[in-house]
Structures are given as C-alpha cells and as structure tokens.
Amino acid sequence: MGNNIHWYPGHMKKATIKIEERIKSVDLIIELIDARAPISSINNDFEKIIGNKKRLFVFTKSDLADPAQTERWKEYFLNDNKDVMLLDIARDNVNKLLTDRIKLYGKEKREKELAKGMKPQPIRAMIVGIPNVGKSTLINKLSKRKAAGVENRPGFTRGEQFIKVNNDFLLVDTPGILPTNYSDKKKAANLALLGSIREEILPKYDLVSYLFNYFKTYYPNGLLSRYGINNIDDIEETIKAIGTKRGALSGGGEIDLEKTTNLILSEFRNGLIGRITLEWVK
C-alpha cells in the first residue's frame, strides 16, 4: 500500500500539546480502543505522554466484533498487566459500570484526602483515543446530555472541556488523535476500514480488496449471510457480484465499482456483514 502514510492534521498536534499540559492534573487515563482492532486502535504516541499515570483500556464497539476474539483480547491485555473493561456503549448502563470502576482507582486518593482532613475531591479522568472510537457517545451517556458533538466521521469532536458526571468524578474530553504516521500498512488499512482515518487517505477499492483477502484466511464464509457469496477467490468478480445483487449500477447499466465499494465499507462498519475482528490474538 505504498510508503508510510501521514495524516497528522494541525488540530491533532495542538490537541496533543493540550493533553500534555493537562495530564498532570488528572488521576486516571481512560483510553478507548475499538474491539475490532485493539492493537491498531491504540495510539502508541500516548505512551510517552501518559508516563506512570493509571490507565484503563475500554473496549468499545464489542457488539460489532467477533465475540470469541474479544474475550481472547481481554485475556491478552490482562495477562500483559493492563486493566481492561468491555463496554457496549449503546446498550450497557455505562454510567454505573464506569463510575464503579473509577471509584476503585480513586480509593487511595480519597483515603489520603480524608487522612489530611480534606474534603474529598472528584476523581479526574481523561478520555483519550483515536477518531471515531466512541468517545463522544460515551461522554454523552455519562453526562446524560449532549455534551460532545457526535458524527460518524474522524476528527469531528473539537475542543476540550471538563464534564461533571457526578459528585465522584469529572471527565476531561479530548479530540480523537492519531499517531503521526504508521509504518505498518496493515494497521493503516485496519483504521481506514474502521473509519478512523479519512476515506480519501487510501483508495476504497484497495481497502475492500484488503478486507476480502483477510476474509479468505479468517472468515472464509464471511460474505455468505449478507450477500449469499461463498467464494472470494477472485476479488474483482466478488465485488462485481455484490454490485449486481445490490443494484449498484452506473447510468449505462454497468457495475459501478465506486458505489459498490462504498456500500461494502458502510455495511462492514455498521456490522451488517457480520461480527468481524480485524486482528486475531496470535
């Protein structure tokens, strides 16, 4: 897929600087990662910024991921001494689940404050993650109001703000931030498939080809339930077959490859093709 891919807009650089400035005042980092590609959706640039701060990894969009792989990834993270929890933001009672977990992180802080005769202060948690991983949706659920803009495109959330969830903790919202570049083309393709990178970064036909080649190895019958296709040997013919079935035609009656690839990518991202995980635990 060519050379290293660069996508670091100016607002991401500014946001990274703000995170560095504010991180000293928070007690906990909550990093959201997409359950469909847990490794690709970790921003390794945060490692340098976070330092020794307590860190909780929250798997989002697990309802769209392969459940068996999600359990294996959870075990993988725990074995690596990383704290992790799974959240279906759309369905779970995220306020209670996350508040209960955050209280555990703040126990030591509260004990110190009480020992000094201080009034207990709210725990400050900073939410970080790449674009389109569910930060705004989570914050809106936690604050029970439309605190952050939500739109299904990368880089939509703007600004940075403290949000009072309850008397126990505050959240610091941050925009979605990507690493400065990826030398690993598979990670870049995974993020493009998830919609975390602007679509124009990589050709859509190449993305669908990458996805279908992945299916050949890990989900050989992955197109069967949605499209009635059980043979993915020829990628172009498979794409054309889907275009025919779905009526994605040009004005001249030919298969419109752009319409077809757009359709496939949209249906993959929305979980209509099936519960697919793009990274399997090795």
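Val208 sits in helix α7. In this model Val208 is buried, because its relative accessible area is 0% ("buried" means under 20% relative accessible area, "exposed" over 50%, and "partly exposed" in between, with a 1.4 Å probe and protein chains only). Keep in mind that this is a predicted model, where local features need pLDDT of at least 70, side-chain atom pairs count only at pLDDT 80 or more, and totals for chains, interfaces and linings use all residues. Residues are numbered from 1 along each chain as its sequence is written, and side-chain values use heavy atoms, with hydrogens and water left out.

**The overall picture**

- The protein has ten helices and eight strands; these are DSSP runs numbered from the N terminus, with helices being H or I of at least four residues and strands being E of at least two.
- Out of 282 residues, 49% count as buried.
- Take the contacts between residues at least 6 apart in sequence: 67% of them join residues at least 24 apart (a contact means heavy atoms within 4.5 Å).

**Val208 and its surroundings**

- Skipping neighbours within four places in sequence, Val208 is in contact with Ile239, Thr261, Ile264 and Leu265.
- Val208 and Phe268 are 60 residues apart along the chain, and their C-alpha atoms are separated by 9.8 Å.

**α6 against α7**

- Two packed helices are described by the angle between their axes and the distance between the axes.
- For α6 and α7, the axes come within 10 Å and cross at roughly 105 degrees (axes are lines fitted to C-alpha atoms, for helices over the stretch in contact, and angles run from 0 to 180 degrees between N-to-C directions).
- α6 and α7 are therefore roughly perpendicular to each other; the cut-offs are under 35 degrees for roughly parallel, over 145 for roughly antiparallel, 65 to 115 for roughly perpendicular, and oblique for the rest.
- On the α6 side, the contact is made by Lys186, Ala189, Asn190, Ala192 and Leu193, and on the α7 side by Leu207, Tyr210 and Leu211.
- Sorted by type, the residues of this α6 and α7 contact come out as six nonpolar, one polar and one charged (Ala, Val, Leu, Ile, Met, Phe, Trp, Tyr, Cys and Pro count as nonpolar, Asp, Glu, Lys and Arg as charged, and the others, Gly among them, as polar).

**The second largest pocket**

- This pocket has a volume of about 360 Å³.
- Its lining has 16 residues, and Lys186, Asn190, Leu278, Glu279 and Lys282 are the ones nearest its centre.
- α3 (67-79), α6 (185-194) and α7 (204-218) are the elements that give two or more residues to the lining.
- By type, the lining splits into nine nonpolar, two polar and five charged residues.
- How is a pocket found? On a 1 Å grid over the protein atoms alone, a cavity is a set of points where a 1.4 Å probe fits but cannot get out, while a pocket is an open set with protein on both sides within 12 Å along at least five of seven lines, and lining residues have an atom within 4 Å of a point.
- Grid points are joined across faces, edges and corners, and the volume is the space filled by probe spheres set on the points.

**α4 against α5**

- Helix α4 (residues 94-115) and helix α5 (residues 135-143) pack at about 90 degrees, with their axes 9 Å apart.
- That angle makes α4 roughly perpendicular to α5.
- Val94, Asn95 and Leu98 from α4 meet Leu138, Lys141 and Leu142 from α5.
- The residues of this contact divide into four nonpolar, one polar and one charged.
- α5 is mostly covered, with seven of its nine residues buried; among them are Leu138, Ile139 and Leu142.

- Phe57 belongs to strand β3 (residues 54-60), and counts as buried at 2% relative accessibility.
- Beyond its neighbours within four places in sequence, Phe57 has contacts that include Ile33, Ile42, Phe77 and Val84.
- Asn81, in the loop between α3 and β4 (83-86), has a positive phi near 60 degrees and counts as exposed at 74% relative accessibility.
- Asn132, in the loop between β5 (123-129) and α5, also has a positive phi, near 65 degrees, but Asn132 counts as buried at 16% relative accessibility.
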